[in-house]
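I set out to record what I looked up in this structure. The entries follow in the order in which I consulted them.

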Amino acid sequence: MDNRVSGLLGGICLLLVVLTVGCDGSRPGRPAAHAREEAEPHAEGTKGGAMSEKVVKSDEEWCGLLTPEQYRIMRQKGTESAFTGKYHNFKGHGVYRCAACGNELFSSQSKYDSGTGWPSFWKAIRGDAVSTAPDRSLSVTRTEVLCSRCEAHLGHVFEDGPQPTGLRYCINSAALDFAGEAEKGSQ
Ligand code: FE
């Protein structure tokens, strides 16, 4: 694509972000799976989704790859309403991946019913799967949880979870992409 055309398209996308304080209007309803397909070339040899190289994209690129809801949550640190996400009451056996880059984040073995209305886990699938950062956006400082591969906002972690960790990873369903045991094994 011509650089000028590419730049123009990027500018239009950015303008839409500014005008809508989100990403709706650019490519509405584009499935998250598409984002993962485009992100995975950065992770040669990791078809299962395990973390390797960082995935770095511009806001304009994420705007085009994620659905408006995913963009609002994962790139603008939004939160879905409690009890509305597709995984808060989901009990399938498998792995939850980052909806933006495919990085494996949580196993269903560490998922539990916290009663909060958001998918909750007591540990990440690997120590390096997620990263954390202080979130001072409210009067009480919380600990933000991010995908360590693409820096997407996933949710928050609290110290009121079950043993053995005592942690509660409170994660937005929209930031997750579940792969069942059979699906995972066939890749
Ligand atoms: Fe990610």
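I began with strand S1 (residues 94-98) and found three bridges joining S1 to S2, the two strands running antiparallel. The model I am reading is a predicted one. For Arg97 I looked up the bridge partner in S2, which is Glu104.

Next I turned to the largest nonpolar core, which has 39 residues. Which of these residues touch the most other members? I listed Cys98, Ala100, Leu105, Cys147, Tyr169, Ile171 and Ala175. At least two residues of this core come from each of helix H3 (59-65), helix H4 (68-75), S1, S2, strand S6 (142-147), strand S7 (153-158), strand S8 (168-171) and S9.

Neighbours within four places in sequence left aside, Cys98 is in contact with Asn103, Leu105, Cys147, Arg149, Cys150, Ala152 and Ala175.

Why is H4 largely enclosed by the rest of the structure? Seven of the eight residues of H4 are buried, and therefore I describe the helix in those terms. I identified the buried residues as Glu69, Gln70, Tyr71, Arg72, Ile73, Met74 and Arg75. Just after H4, I recorded a positive phi of about 60° at Lys77.

Definitions and conventions. Residues numbered from 1 in each chain as written. Predicted model: local features only at pLDDT ≥ 70, side-chain atom pairs only at ≥ 80, totals over all residues. Pairing = 2+ DSSP bridges. Helix = DSSP H or I, 4+ residues; strand = E, 2+ residues; numbered from the N terminus. Core = buried A, V, L, I, M, F, W, Y, C linked by C-beta atoms within 7 Å. Buried ≥ 20, exposed ≤ 12 C-beta atoms within 10 Å, placed from the backbone. Contact = placed C-beta atoms within 7 Å.
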